[in-house]
Amino acid sequence: MTLVVGLGNIGREYENTRHNVGFMLIDMILSEENQAKILSHSKFKGELYKIDSSLLLKPHTYMNHSGISVKAVCDFYKCERLIVIHDDIDLNLGTLRFKKGGSSGGHNGLKSIDHLCGNNYERVRIGVGRGKDTISHVLGQFTSEESAVLDTILSRAKEALLELMQGDDLSKISSLYSFRT
């Protein structure tokens, strides 16, 4: 079983922020997927859906504690593959990259997952650029110009993620879908 995790923060104040691009991509897939089955279990501390042989998770533990929700689902379902979608300030807005393993790069959601689950998982990295103040930047809303770029990147990321969920190799997806506007 594959677990796909979209990182973000719950609550209206975070809905369209840079830190929530993981949630946005999961929501995009769910809005187009009529076969998604909602799985409810309080110990998962998040929204969990099933599409074919993949689970999609939006942790409700806030970003800094995402690993709690991810570990609960991985342990319960014995997931063999973990894919995490997250914002990346080290990539310019309009950039999409893929990688497996590595450091958290200072991303608190990844730090939490690394601490509880290890770091040998696949990552869909969505560039949001860097601001003067990191926290206010990632928790800030996209401008209308940025939203147009984001829509393009999320559409491309959705195509890549659907192929990953069907079992495609990350290196193949990386060569086909890595993108920079």
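**Close-ups of a predicted model**

**View 1. The largest nonpolar core.** The largest nonpolar core here has 32 residues, and Leu56, Val124, Ile126 and Leu161 make the most contacts inside it. A nonpolar core is a set of buried Ala, Val, Leu, Ile, Met, Phe, Trp, Tyr and Cys residues joined through side-chain atoms within 4.5 Å. "Buried" means under 20% relative accessible area, "exposed" means over 50%, and "partly exposed" is in between (1.4 Å probe, protein chains only). The elements giving two or more residues to this core are α1 (21-32), β3 (46-51), β5 (81-88), β6 (95-100), β7 (122-127), α5 (144-165) and α6 (170-177). Helices (H or I, at least four residues) and strands (E, at least two) are DSSP runs, numbered from the N terminus. Helix α5 puts in the largest share, 8 residues.

This is a predicted model, so local features need pLDDT of at least 70 and side-chain atom pairs count only at pLDDT 80 or more, while totals for chains, interfaces and linings use all residues. Residues are numbered from 1 along each chain as its sequence is written, and side-chain values use heavy atoms, with hydrogens and water left out.

**View 2. Who touches leucine 56?** Skip the neighbours within four places in sequence, and leucine 56 is in contact (heavy atoms within 4.5 Å) with Val4, Ile26, Ile29, Leu30, Glu47, Leu48, Tyr49, Ile51 and Met165. There is also a second, separate core of 19 residues, and Leu7, Leu39, Phe44 and Leu110 are among them.

**View 3. Two lysines with positive phi.** Most residues other than glycine have a negative phi. Lysine 45 is not a glycine, yet its phi is positive, about 50°. You'll find lysine 45 in the loop between β2 (37-39) and β3, where it is partly exposed at 43% relative accessible area. Lysine 78 also has a positive phi, near 55°. Look for lysine 78 in the loop between α2 (66-77) and β5; this residue is exposed, with a relative accessible area of 61%.

View 4. A disulfide is a covalent bond between the sulfur atoms of two cysteines. Searching the whole structure for one (a pair of cysteine sulfur atoms within 2.5 Å) turns up 0. For cysteine 74, the nearest cysteine sulfur belongs to cysteine 79 and is 4.5 Å away. Cysteine 74 is buried, at 16% relative accessible area. Cysteine 117 counts as partly exposed, at 32% relative accessibility.
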